[in-house]
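Reader: I am new to this one. Could we look at it together, and may I ask how you know what you tell me?

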Amino acid sequence: MFENLNWWEIGALLMLALLIFGERLPKVLGDGLKMLRGLRNMAQGATADLSRELGTDIQLEDLHPKAFIRKHLLSEEDEQALRKPLQSLFDDVKQDLNGVKSELSDVASAADFKSTPKTTAPAEAPRPAQQRYDLDAT
């Protein structure tokens, strides 16, 4: 949580908290920890209730909608049936791209830009830059 704060900033925050809350700081910290424990217990209770209602073991990570559907509602056959059309489409696109890549490499090797001699025009002498203001006017 505090990985982007250095020790001086954490110390400054603690001093600020001490100035704001004064003698009530231990009570405020205790109340904050009680609230955190209560939230954790509520989350564990909700997952236990959901596990009991569904009849399966549910972890907190399983409550993401995609993971929940994949793990608890779809069988392996259903998941494979859903993936099959997309997998064949993916394979077709991959095969087409590999064909294009091989054709491009054939064209590049036929052109072989690296081995052709380059004919360059003789370089012109650099022109002095045009002055937009009068140097003597300053």
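**How do you know?**

Author: Let's begin with Ile20, which lies in helix H1. This is a predicted model, in which local features need pLDDT of at least 70 and side-chain atom pairs count only at pLDDT 80 or more, while totals for chains, interfaces and linings use all residues. Residues are numbered from 1 along each chain as its sequence is written, and side-chain values use heavy atoms, leaving out hydrogens and water.

Reader: What makes Ile20 exposed or buried?

Author: Buried means under 20% relative accessible area, exposed over 50%, and partly exposed in between (1.4 Å probe, protein chains only). Ile20 has a relative accessible area of 52%, so Ile20 is exposed.

Reader: Which residues form a nonpolar patch on the surface?

Author: They are Leu13, Leu16, Ile20, Phe21 and Val28, with about 410 Å² of accessible area together. Patch residues have over 30% relative accessible area and no salt bridge; nonpolar side chains (Val, Leu, Ile, Met, Phe, Trp, Tyr) are joined within 5 Å, and like charges within 9 Å. H1 gives the most to this patch, with four residues.

Reader: How do you know what span to expect for helix H1?

Author: The expected span is 1.5 Å times one less than the number of residues. Helix H1 (residues 7-21) has 15 residues and reaches 21 Å from its first C-alpha to its last, close to the 21 Å expected. Helices are DSSP runs (H or I, at least four residues), numbered from the N terminus.

Reader: How many salt bridges does the structure hold?

Author: There are two. Arg52 and Asp49 also meet in a salt bridge, 2.8 Å from N to O; both lie in helix H2, three residues apart.

Reader: Which helix has the highest mean pLDDT?

Author: Helix H2 (residues 25-54) does, at 89, while helix H3 (residues 65-73) has the lowest, at 73. pLDDT is the predictor's confidence in each residue, from 0 to 100. Where pLDDT is low, the predicted coordinates should not be read in detail.

Key:
Helices (H or I, at least four residues) and strands (E, at least two) are DSSP runs, numbered from the N terminus. A salt bridge is a side-chain nitrogen of Lys or Arg within 4 Å of a carboxyl oxygen of Asp or Glu. Accessible areas come from the Shrake-Rupley method with a 1.4 Å probe; for residues, only the protein chains shown count as cover.
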